[in-house]
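Thank you for making time this morning.

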Amino acid sequence: MFDWHKLLVDGLIYSVIGSAYLVLMLAIDNRMFLNPGDYPEDVLAAVPPRTEKETRKAMLLGIPWFIWAFAFPLYSTLRFAEQATRSPGFTTLFAHAFLIFFSFWLVDLVILDGLMFCLITPSFVVIPGTEGFPGYKDFRMHLRGHFGKGLAYLAVSGAIVSAIVWLFR
C-alpha cells in the first residue's frame with residue numbers, strides 16, 4: 001500500500017528545488033537569514049540586525065519558498081491518496097506527508113548546513129565582517145535546531161497536510 005518509489009522521487013524533487021531556492025536566497029542576500037538558529041550566536045552578536053528594507057526583502061523572497069514548502073507535500077500526499085489501490089487511512093497519509101517533509105529536513109541538515117555551511121563555508125554565506133568566526137563551523141547549532149523545533153514542525157506540518165487530504169479527498 002505504501003508507495004516507496006513515489007516517496008523517494010517526490011522527496012528528491014522537493015529537496016532539490018527547496019534547497020536550490022534557499023541557496024539562491026543566500027546568494028542574493030545572506031542577511032535575509034539573520035535569525036537565531038540560522039546563523040551562529042557569535043555572528044549575530046557582531047553584525048547589526050536586519051533593516052526594515054532587508055526584512056521586507058526576506059519576506060518577499062520567502063513567500064514563494066513557504067508556498068513551495070507546504071504546497072508540494074500537499075500535492076504529493078494528494079496524488080499518493082488518489083493513486084492508492086485502497087483508500088489510505090490518516091496514519092498512512094501522515095507517514096507519507098511526514099516523510100516528504102523529512103526528506104528536505106535531512107538534506108537541509110546534512111548538505112546545506114553540514115557540508116555547505118559548516119564544512120565548505122562559501123563566501124556567499126559569510127556575513128561581511130565575520131570572516132573566520134568559529135560559529136560558522138559549529139554543526140551542533142544546526143543539530144539543536146533540527147532536532148529541537150525542526151522535528152516538531154515536521155510532525156505538525158505532516159499532520160496538517162494529511163488531515164487536509166484525508167478530509168477533502
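**Notes on a predicted helical model**

Let me begin with Thr121, which counts as buried because its relative accessibility is 16%, where buried means under 20% relative accessible area, exposed over 50% and partly exposed in between, computed with a 1.4 Å probe on protein chains only. Thr121 sits in the loop between α4 and α5, and its phi is near 50°, a positive value in a residue other than glycine.

Before I go on, a word on conventions: this is a predicted model, in which local features need pLDDT of at least 70 and side-chain atom pairs count only at pLDDT 80 or more, while totals for chains, interfaces and linings use all residues. Residues are numbered from 1 along each chain as its sequence is written, and side-chain values use heavy atoms, with hydrogens and water left out.

Now the overall picture. The protein has five helices and zero strands, helices being DSSP runs of H or I with at least four residues, strands runs of E with at least two, and both numbered from the N terminus. The C-alpha atoms fill a box of roughly 60 × 30 × 25 Å along the principal axes, and buried residues make up 40% of the 169 residues. If we take contacts, meaning heavy atoms within 4.5 Å, between residues at least 6 apart in sequence, 75% of them join residues at least 24 apart.

How do α1 and α3 lie relative to each other? Their axes come within 11 Å and cross at roughly 175°, the axes being lines fitted to C-alpha atoms, for helices over the stretch in contact, with angles from 0 to 180 degrees between N-to-C directions. The two helices are therefore roughly antiparallel, on a scale where under 35 degrees is roughly parallel, over 145 roughly antiparallel, 65 to 115 roughly perpendicular and the rest oblique. The residues of the contact of α1 with α3 divide into 16 nonpolar, four polar and four charged, with Ala, Val, Leu, Ile, Met, Phe, Trp, Tyr, Cys and Pro taken as nonpolar, Asp, Glu, Lys and Arg as charged, and the others, Gly among them, as polar.

Next, Pro40, in the loop between α1 and α2, which is buried at 3% relative accessibility. Pro40 and Phe139 are 99 residues apart in sequence, yet 9.7 Å apart in space, C-alpha to C-alpha. Leaving out residues up to four places away in sequence, Pro40 touches Phe117, Gly135, Tyr136 and Met141.

Finally, the largest pocket, which holds about 1,400 Å³ of space. Its 39 lining residues include Asp38, Trp65, Phe66, Phe104 and Asp108, which lie nearest the centre. Which element gives the most to this lining? That is α5, with 10 residues. By class, the lining has 25 nonpolar, eight polar and six charged residues.

For the method, on a 1 Å grid over the protein atoms alone, a pocket is an open set of points where a 1.4 Å probe fits, with protein on both sides within 12 Å along at least five of seven lines, and lining residues have an atom within 4 Å of a point. Grid points are joined across faces, edges and corners, and a volume is the space filled by probe spheres set on the points.
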